[in-house]
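Here are a few exercises on aromatic rings and their neighbours. Have a go at each one before you read the solution.

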Number of protein chains: 2
Amino acid sequence: MSKNSSSLMGGRPTRDDVASRARVSGTTVSRVLGGKPDESVSPAVRARVLEAARELGYVPNSAAQALRRGRTGLIGLWMCLGYSRYRAEVLDRMRRISAETDHALAVLDVDEEYAWHRSFDRALRVPVDGVIAFDASTAGEVFAREGQSIAPNLPFVSMGAYWSEAKSYVGVDLKAGAEMAVDHLLATGRRRIAYLTPQDSNATIEAGRLEGYEERMVASGLEPRTFRVSYSAADRVASIVEILADCRRRGWIPDALLCMFDDIAIDAVPALIRSGLRPGVDVAIVGINGSEGTERGECPITIVRQPIEIMCATALAYLEAQIDAPSSPFQQIILKPELIVRASSRRD
Amino acid sequence: MSKNSSSLMGGRPTRDDVASRARVSGTTVSRVLGGKPDESVSPAVRARVLEAARELGYVPNSAAQALRRGRTGLIGLWMCLGYSRYRAEVLDRMRRISAETDHALAVLDVDEEYAWHRSFDRALRVPVDGVIAFDASTAGEVFAREGQSIAPNLPFVSMGAYWSEAKSYVGVDLKAGAEMAVDHLLATGRRRIAYLTPQDSNATIEAGRLEGYEERMVASGLEPRTFRVSYSAADRVASIVEILADCRRRGWIPDALLCMFDDIAIDAVPALIRSGLRPGVDVAIVGINGSEGTERGECPITIVRQPIEIMCATALAYLEAQIDAPSSPFQQIILKPELIVRASSRRD
């Protein structure tokens, strides 16, 4: 074994070389260099092993180790790394929750626009014990269905607004979230509820939000009206101001704005003020996703909050169950978001 | 070679098995499954290879591939994944810039609080061609100095507010940034310039900011006054309100707030309003880092902007140079941030 890996690694020193130099067993070398603090190794022995490894220039080659152990201690988190407050918060939470487990995160950008075989190849270069695909609509679905031939038995959980029923998943029902928001606005007397969504939105990106809004409006005998705002943060306030000016010209001023994600809701506050409308008084605002920024500012914003904490913890638990027992049945759950009412939509 | 890897991988089909079934060379199999679109392979041959790979259940094992090819096409981005707007923007930019190269990012959380050998072990499980350590103060320094024994010749660039002079780096001089901010505030007539920093800040976290502020104030015959605000976003506005109330009781109301990072500056706006002070009129605000959120809102905020784009592009260029020619000399640069004056500190 050590000969094989030694030759593959081009004659580099092996674990056994370190063991013999440090006068300890190979197992002890693994304990010291294996990445987890191990109380059973004394500080003196630990120092000797580290010293021997340094002297020999020994590298515990992660690729070779992965092949030997069959486990890498890494979980692949596949997601888009494009900027969004919500994504940054999910990363933060995944980091905190995984820190309590034996697994570390390796975050890979799985770009939906790549051909699937390219995406997975890049992502699969990282030797992981399992994968969580977060808000990866196409990639998640394709991998869940085709994964058996691409990476047999790789434990896989899809998580977020998109999930694949072919494997384990932790879904979040954003259609139900949009419905909650409309119901709340109707209950507080709003009737002219507009829906703000980015220019480049489509059915996949909406993940049920637009559908939930439209169905609820129609069911209440009201006309759904969707407006497209700039996706770019720099132009967004201006684009909402323009939409409001246009509404005014047409004699239809909304009394509520339901925003597809909460950065739009945050930008709606200054846009309303610049348009001479009082946020939360003349026009209610509700944002979907529910990031930290919404409760700050002079007009705290009502949100449909994604259950980030429970979503991340559940997905990680499902994945670890699959890693521990690869043949165990898939676990599947759909979570509902939560409506948090703040000043932007409250009627006093 | 193929026997070795076949036995290491537990008898799984090899690249040669796929090649013989698809009646193509092993090189062609690698081209098709190698992760990069290759125009030299015809669509028909590509389909045959994909089909053969699927039928055999062939997995291009990334670990084995890494050992064979010596390259993985991955760049390790070591950073803290804890939430910050600035970090999320750096991730976004690194993603966009690396998409134009042959490299994909594997983002690893390098927690400063771990013992260094644990951090690196986890990060080094991912087979990368090189590493960019972003704002990783201790880890970056230790790895740059000790890396030769941990992972010999692994190309390494430190980037951001902390850099190690032992290897290539792209530093950002935040001390100069704080000095620029104080000079600007002095030039616009402010004298009672307070510095707001998080409770848990220290010399490492400040990375020269506090020092730059204090030196400039003292040099101008003014007294530096530092106030500690809540690190938690939820309590930050309230904590700034409290600081301002305390200042008022002591009869010293600041006429400018220099904020250690820009989320503090963003929260200073509602805090000033709640304290009966007009942001930008009674009290100027300047934030350091310069994220997107600062130009929005009713009081666009003056910032000392980190040169995110050029920092990321330069670090990636330095790293690729090291990957292409491992023995080429280190490249080192220190960038200065840029002062962007907005309504929060302008004197009309």
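**Exercise 1.** Work out whether B:Trp163 is buried, exposed or partly exposed in this predicted model.

*Solution.* Start with the relative accessible area of B:Trp163, which is 25%. Buried would need under 20% and exposed over 50%, so B:Trp163 ends up as partly exposed. Now do likewise for B:Tyr169: its 8% relative accessibility makes it buried.

**Exercise 2.** Classify the ring pair formed by B:Trp163 and B:Tyr169.

*Solution.* First take the centres, which are 6.0 Å apart; the cut-off for pairing is within 6.5 Å. Next, the planes sit at 25°, and under 30 degrees counts as stacked. So this pair is stacked.

**Exercise 3.** Over all chains there are twelve aromatic pairs; take the one between A:Tyr231 and A:Phe261, and find its class and which parts it ties together.

*Solution.* The centre-to-centre distance is 6.3 Å and the angle between the planes is 55°, which makes the pair tilted. Then place the residues: A:Tyr231 is in the loop between strand S7 (225-229) and helix H12 (233-249) of chain A, while A:Phe261 is in the loop between strand S8 (256-259) and helix H13 (262-274), so the pair links parts 30 residues apart in sequence. Finally, check accessibility: A:Tyr231 is partly exposed at 42%, whereas A:Phe261 is buried at 16%.

Note on methods:
Residues are numbered from 1 along each chain as its sequence is written. Chains are lettered from A and ligands numbered from 1 in the order in which they are written. This is a predicted model: local features need pLDDT of at least 70, side-chain atom pairs count only at pLDDT 80 or more; totals for chains, interfaces and linings use all residues. Side-chain values use heavy atoms; hydrogens and water are left out. Rings of Phe, Tyr and Trp (its six-membered ring) pair if their centres lie within 6.5 Å; planes under 30 degrees apart count as stacked, over 60 as edge-to-face and the rest as tilted. Helices (H or I, at least four residues) and strands (E, at least two) are DSSP runs, numbered from the N terminus. Buried means under 20% relative accessible area, exposed over 50%, partly exposed in between (1.4 Å probe, protein chains only).
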